[in-house]
Amino acid sequence: MLTHEENELLTRVTGGAPMGRLMRQHWTPVCLTEEVTERDGTPLLVEVLGERYVAFRDTDGRLGLLDELCPHRRASLVFGRNEECGLRCLYHGWKMDVDGNVVAMSSEPEGSPLLNKVKHRAYPVKEWGGFVWAWLGEEDNVPEFDPPAFAPTEDTQVAIVKIRIPCNWAQIHEGQIDSAHSSSLHSSDMKPARVEGASADEQAWYRPSTDKSPRMQTQTTSYGFHYAAIRKPIKNAATHNYLRITEFIAPYMSLIPPNNNYNVASVIVPIDDETTAFHFVAWGGQKCPSTEEWRRFNHAQPGVDLDDKWRSRRTLENHFLQDRQAMKQGSFTGVPGIPNQDIIMWVSMGKIVNRTDDILGASDLAIVEFRRLMVDAARKVAEGGEAIGTQEPRTPHARIASREGVYPKTVDWRTLVDTSENREAAE
């Protein structure tokens with residue numbers, strides 16, 4: 001359990017909170033590329049870390065991210081005209097380009113010196129791996145963009161589920177790094193089978209283990225931590241372990257152990273203290289699904305399962321449309337879709353879960369590590385220190401990968417994680 005002060009450090013990201021300041025020292029995924037594809041298209045409201053921005057693609061195809069409110073009289077640019085390489089405010093016709101230059105002031109006299117004196121705040125952006133990434137930190141200290149682990153190359157195939165969730169970011173992250181819950185909550189979708197390693201088809205995921213109580217071991221890294229969930233395999237249980245190694249890359253990302261067809265990651269970005277943009281990513285591998293296939297598999301299709309704001313039609317108020325008859329017929333949860341099952345747990349905890357009185361067990365070792373790591377990291381930033389994962393030498397994210405498989409008991413799982421840190425330690 002945490003103290004109230006520790007829980008505040010962990011969860012709060014707005015209003016200059018240390019955790020929000022920590023996150024701004026990283027490139028932040030602020031929206032999906034598919035949301036801003038059209039040149040001169042509808043401007044997009046972007047909400048992240050308690051702030052509001054506007055994204056747009058101009059006539060030449062350049063992407064811009066600006067503060068939402070016009071610098072003139074503070075009207076929202078989300079309703080502006082996206083035309084002729086700029087975003088024009090409806091109120092008085094002030095127009096900004098993707099770099100924040102004010103290129104027109106319809107309400108001012110021709111030749112007004114004010115035109116060259118005003119500049120709107122614009123943010124560096126990078127399109128990569130299906131996301132728009134933005135630098136929301138100090139303007140004069142923009143680091144080079146580091147490709148994310150789920151898209152090590154620009155042409156890596158990715159498929160992304162996006163859901164706007166009405167709860168705090170940290171309880172979602174705790175769910176994503178919690179390997180133990182999958183044997184219960186997702187038991188209708190992650191099925192034990194006599195397979196050599198994790199596998200998948202269009203109906204379900206399969207694992208070579210019936211063990212519901214894994215042993216946990218963790219190791220801290222410069223970018224976060226990784227841990228192993230060690231289970232008894234169905235075959236050769238006396239001599240082998242089934243290992244599932246998860247990576248937490250602070251502050252936004254977890255790499256979930258892959259299956260035989262593709263890799264899996266989650267990208268979790270706070271909208272504010274009580275709302276989160278959750279992304280479930282399939283990527284790479286031999287047979288990565290298309291975005292449409294991935295969203296259908298996870299029952300997270302816009303217009304079907306989600307509304308036009310990425311909000312699930314399954315809510316606390318409608319009991320998440322849980323089907324009790326389906327539960328009697330074999331469904332463990334009565335809700336289809338792996339993310340939808342998780343969302344019930346995350347949202348039912350409340351907007352921000354009270355960690356001062358929860359009771360943790362042996363299977364919660366990764367949760368304990370996440371809380372300790374991120375509370376300490378927030379304290380360091382509050383004291384003027386650097387954010388976790390930003391100190392040199394850094395491990396390039398493209399080098400980090402989750403693992404799974406059946407291995408002899410003599411194998412130390414730490415030797416399977418191929419990062420520069422482990423190689424240096426071994427040498």
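User: Two strands pair if DSSP finds at least two bridges between them. How many bridges pair β11 with strand β20?

Analyst: This is a predicted model, in which local features need pLDDT of at least 70, side-chain atom pairs count only at pLDDT 80 or more, and totals for chains, interfaces and linings use all residues. Helices (H or I, at least four residues) and strands (E, at least two) are DSSP runs, numbered from the N terminus. Between β11 and strand β20 (residues 275-283) the pairing is antiparallel, and the number of bridges is 8.

User: Which residue of β20 is the bridge partner of V161?

Analyst: Buried means under 20% relative accessible area, exposed over 50% and partly exposed in between (1.4 Å probe, protein chains only). The partner of V161 in β20 is F280.

User: Which residues touch the most other members of the largest nonpolar core?

Analyst: A nonpolar core is a set of buried Ala, Val, Leu, Ile, Met, Phe, Trp, Tyr and Cys residues joined through side-chain atoms within 4.5 Å. The largest such core has 95 residues, and those touching the most other members are F150, W169, W205 and M374.

User: Where does this core lie relative to domain 1 and domain 2?

Analyst: F150, W169, W205 and M374 touch the most other members of this core, and its largest share, 9 residues, comes from helix α7 (residues 365-382). Domain 1 (39-135) and domain 2 (158-416) both give residues to the core, so its place is between them.

User: How many residues does the second, separate core have?

Analyst: W205, a member of the largest core, is in contact with residues including D189, M190, F280 and W294, its neighbours within four places in sequence left aside. The second core is separate and includes F56, L66, C89 and M105; its residues number 14.

User: How many residues of domain 2 are in contact with domain 1?

Analyst: The domain bounds come from an automatic or database domain assignment, and contact means heavy atoms within 4.5 Å. The C-alpha centres of domain 1 and domain 2 lie 36 Å apart. Domain 1 contributes 7 residues to the contact, and the number from domain 2 is 11.

User: What strand order does the open sheet with β12, β13 and β14 have?

Analyst: β12 and strand β14 (residues 205-207) pair in the parallel sense over 3 bridges, with M190 standing opposite W205 in β14. The sheet is open, has 3 strands and mixed pairing, and its order is β12-β14-β13.

User: What is the order of the open sheet that has antiparallel pairing?

Analyst: Strand β10 (residues 131-134) is joined to β1 by 4 bridges, the two running antiparallel. In one of the bridge pairs, F131 of β10 is the partner of L32. The sheet has 3 strands, in the order β1-β10-β9.

User: Why is one side of β1 and of β9 left without a neighbour in the sheet?

Analyst: The order β1-β10-β9 belongs to an open sheet. β1 (28-32) and β9 (125-128) stand at its edges, so one side of each has no neighbour in the sheet, each having a single partner strand.

User: How far apart are the closest N and O atoms of E68 and R52?

Analyst: A salt bridge is a side-chain nitrogen of Lys or Arg within 4 Å of a carboxyl oxygen of Asp or Glu, and the count by this rule is 27. E68 is buried at 8% relative accessible area, whereas R52 is partly exposed at 42%. The two form a salt bridge in which the closest N and O atoms are apart by 2.8 Å.

User: How many residues apart in sequence are the parts that this pair ties together?

Analyst: E68 and R52 form a salt bridge. E68 lies in the loop between β4 (63-67) and β5 (81-82) and R52 in strand β3 (residues 51-57), so the pair ties together parts whose separation in sequence, in residues, is 16.

User: Which residue forms a salt bridge with D146?

Analyst: The closest N and O atoms of this pair are 3.4 Å apart, and the partner of D146 is R394. The pair links distant parts of the chain, 248 residues apart: D146 in the loop between β10 and β11 (158-165), and, in the loop between α7 and β21 (403-408), R394.

User: Is R371 buried or exposed?

Analyst: The side chains of D358 and R371 meet in a salt bridge of 2.9 Å, N to O. D358 is in the loop between α6 (338-348) and α7, with R371 in helix α7, 13 residues apart. At 5% relative accessibility, R371 counts as buried.

How values were computed:
Residues numbered from 1 in each chain as written. Heavy atoms only, no water.
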